[in-house]
2 protein chains.
Amino acid sequence: MKNTSRNIVLQPSEMPDKWYNIAADIGGKMLPPLHPGTLQPLDGASMSALFPDELIRQEMSAERFISIPDKVRELYSMFRPSPLYRAVNLEKMLGTPAKIYYKYEGVSPAGSHKTNTAIPQAYYNKMEGIKKIATETGAGQWGSALSFACNHFGIDLQVFMVKVSFEQKPYRKMLMNLWNGKVEASPSIITQAGRNILAQHPDSPGSLGIAISEAIEMAVNDPATKYSLGSVLNHVLLHQTIIGLEAEIQFEKAGDYPDVVIGCFGGGSNFAGISFPFVRHNLDGKKKTRFIAVEPTSCPKLTKGKYRYDFGDVAGMTPLMAMHTLGHDFIPPGIHAGGLRYHGAAPLVSVLVNEGIVEAQAIDQLECFEAGLKFAQTEGILPAPETSHAIAATIREALKAKAENSPKTILFNLSGHGYFDMYAYQLYQENKLTNFVFDDALLEKIEGKTHPVVVSR
Amino acid sequence: MKNTSRNIVLQPSEMPDKWYNIAADIGGKMLPPLHPGTLQPLDGASMSALFPDELIRQEMSAERFISIPDKVRELYSMFRPSPLYRAVNLEKMLGTPAKIYYKYEGVSPAGSHKTNTAIPQAYYNKMEGIKKIATETGAGQWGSALSFACNHFGIDLQVFMVKVSFEQKPYRKMLMNLWNGKVEASPSIITQAGRNILAQHPDSPGSLGIAISEAIEMAVNDPATKYSLGSVLNHVLLHQTIIGLEAEIQFEKAGDYPDVVIGCFGGGSNFAGISFPFVRHNLDGKKKTRFIAVEPTSCPKLTKGKYRYDFGDVAGMTPLMAMHTLGHDFIPPGIHAGGLRYHGAAPLVSVLVNEGIVEAQAIDQLECFEAGLKFAQTEGILPAPETSHAIAATIREALKAKAENSPKTILFNLSGHGYFDMYAYQLYQENKLTNFVFDDALLEKIEGKTHPVVVSR
């Protein structure tokens, strides 16, 4: 057989048994989250209304590696190790000398990388006797992953799903219901935060920031309910590093190493998952890999936002986090990559952007859909609209390699499949989608709403 | 880690390099296909209007193993070896002492086992210079798999898609179009066979038998166009044996062997694919595995049909094949398992049913949907409605093992995922689906339309 390296396979026994905690290596650059009332650094105790103790411990940990519990590894083995594929057909179609690899996270229940953190989050809640969790979801990937995990552990789940996605992707709700998740379109009338938004903007398409406010309100008002977040926070990014840690072993088997690592960027979790284990080798000076986080032009927190202390949600219920932000009340237009419609960015990734280790790119919706279709045509997997941002950047890099006639090795994270996003692809093929221009005037308003941080950019 | 055997993984280098041709072992029991005009055994030459030479050679071959071309193995490695999973969560939910394994074919482009034969069929056509192929599809699994393969090899494809499925599953058409397949709802007005049906039954929901007539007519009328079939024929079943051959190696690694092998049954290809390599060890007396083919109660060719010479299509354009049939003009009700709506059965499987080696079961639509949902709830994969028939039978066997308090090892083929069948699951959950009663009076009519064969049943 000419080419067996289209599919680099790991045995379950080769699955890493620890997550990589990048805070151990860049902790000195991190600014602590602040209590929104006192503006003082937050202690673990004040997070305990929202999270179980073990997740708080992980959130604040400086240990470099954190063990994955046996039970979590057992459930991971339902779909992990995930495949690392070589996109030979796409390379040929582009006529590029670049080698393109992708890690396929769509093999999980619910179809995306989100299951990697849903399982441990539900597990730690279960271990501490929690009976109910509230959460938000954008496009539904996170909500369905957490529904699956909570259903497995017998935990009730209330999901607030961003309204524009709720309407675009009705089958996502069915999937959550299948796993006994309850779903409300957000803004909803069942929380004060939701009612406040609806009073001012009855037609609000919703946003992740609003849905987070609703879920947190529900958790805060009920001592028996905890909150769970699908991205942004340190412990969420930690769990996702299983992606890059596996990829690292797979690259060793393939006798290769990535020159460029690419992930789409919403809150930062899939990007962190694929990149942090490789970033580590840049940090210790052994490698010079480039890392590209790809966001939608319509929601450009990394490329245009400011590095400030800001809330993670619209209502201002979360701690203040030092991150790239467009302002916590920014409502992105209703693009179909609902998982990328978030005003802020994971603090850990924000630091790496500040340090010049991670590059950011913003790409328009139409270029991304075209890239997603090209990928499906050649490689046979239809990517989620979020993921198509990573593919668009990959194609740009591959064509650059062609123009420069220089081989290079590209790795991107195929974070989820698009089989519940067929309506979006249909609209694209019928020329019914447009690009959105970001209004730079909005940037002026960020200052007044956020808290400055003293850092060099 | 307590349990790594949820996922038994093969390396691409362990993928079998030959298909298993069961005709070598049961050829003596096989009756030849007959020319519909002369009623004489068909020779290869009279099939050459429809198929490339190599596929005709495979169709008539008595070799036990047939080499898989390097190029086909390379494309297989885009998704093969496919995983063999242990359904631990389902076992726990059922409280059964049985071990349940499933081979997951939904990982392929287009999402089902059909890609296993689509790739070699397109490849052999390409090798012989063919520029265009016509085919039928039921639920769209076959049509999209062949669209993917033809697009890869630069072959034009015309798909006739059974009308009831065309309307139930609009995104399947999009997927075929994505891979440049042209799709007509069948019966269509672009063939005489389609127009004849529409003249008599303007509201016909269509059937696989009608769609086959349309595709064959197109191929026969155009010397530059060949025909391709997604099931029933020997060479199609041959290509699918890659499933069972991989499973055999995976069971060896797991230190286990199936007591029961289960597959859903439309024309026979996924059932043959998972079972034939294991049937082989029954045939040579080394094992006593049970094999269960599961069909819908509404289309019960194996459990109620007659073993007769009959046409493979409604218009009577195919050779006469000795098989279990409900009569070639039987139009099954519009169940959502569109891939199982076929009046006949693969001749190879029919012989094994006659010999008592393969058992057949018919299961109602509602029991199957319930089984599919139970599986998704526990194992996280939503099966295609066709596949849910295999799961319903698996659950029956597992509960029998529980009642008898006797452990056993069950293997079933998860032939495809159901992510394009969400509408069907929605209808089921809204209590809008019913069972269909098969009218036994129809059996009386079979005799007059088919040609008897002299065999003992």
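User: How much area do chain B and chain A bury between them, and what share of it is on carbon and sulfur atoms?

Analyst: The size of an interface is often given as the accessible area lost when the parts come together. Buried area here is the accessible area (1.4 Å probe) that two parts lose on being put together, summed over both. Chain B and chain A bury about 4,300 Å² between them, with 59% of it on carbon and sulfur atoms. This is a predicted model, in which local features need pLDDT of at least 70 and side-chain atom pairs count only at pLDDT 80 or more, while totals for chains, interfaces and linings use all residues. Residues are numbered from 1 along each chain as its sequence is written, chains are lettered from A and ligands numbered from 1 in the order in which they are written, and side-chain values use heavy atoms, with hydrogens and water left out.

User: How many residues of each chain are in contact?

Analyst: Contact means heavy atoms within 4.5 Å. By that rule, 47 residues of chain B touch 48 residues of chain A.

User: How many salt bridges cross the interface of chain B and chain A?

Analyst: A salt bridge is a side-chain nitrogen of Lys or Arg within 4 Å of a carboxyl oxygen of Asp or Glu. The rule finds two across this interface. A:Glu74 and B:Arg6 form a salt bridge through their side chains, at 2.7 Å from N to O.

User: How do the residues on the chain B side divide by type?

Analyst: Ala, Val, Leu, Ile, Met, Phe, Trp, Tyr, Cys and Pro count as nonpolar, Asp, Glu, Lys and Arg as charged, and the others, Gly among them, as polar. The side of chain B that touches chain A has 25 nonpolar, 14 polar and eight charged residues.

User: Which domains does the assignment give within chain A?

Analyst: Domain bounds come from an automatic or database domain assignment. For chain A it gives domain 1 (7–13 + 69–111 + 235–445) and domain 2 (20–63 + 114–232). Their centres, taken over C-alpha atoms, are 21 Å apart.

User: What do these two domains of chain A bury between them?

Analyst: Domain 1 and domain 2 of chain A bury about 5,300 Å², 68% of it on carbon and sulfur atoms. In domain 1, A:Ala110, A:His235 and A:Phe420 lose the most area to domain 2, together 13% of what that side buries. Two salt bridges cross this interface. The side chains of A:Asp421 and A:Lys169 meet in a salt bridge at 2.6 Å, N to O.
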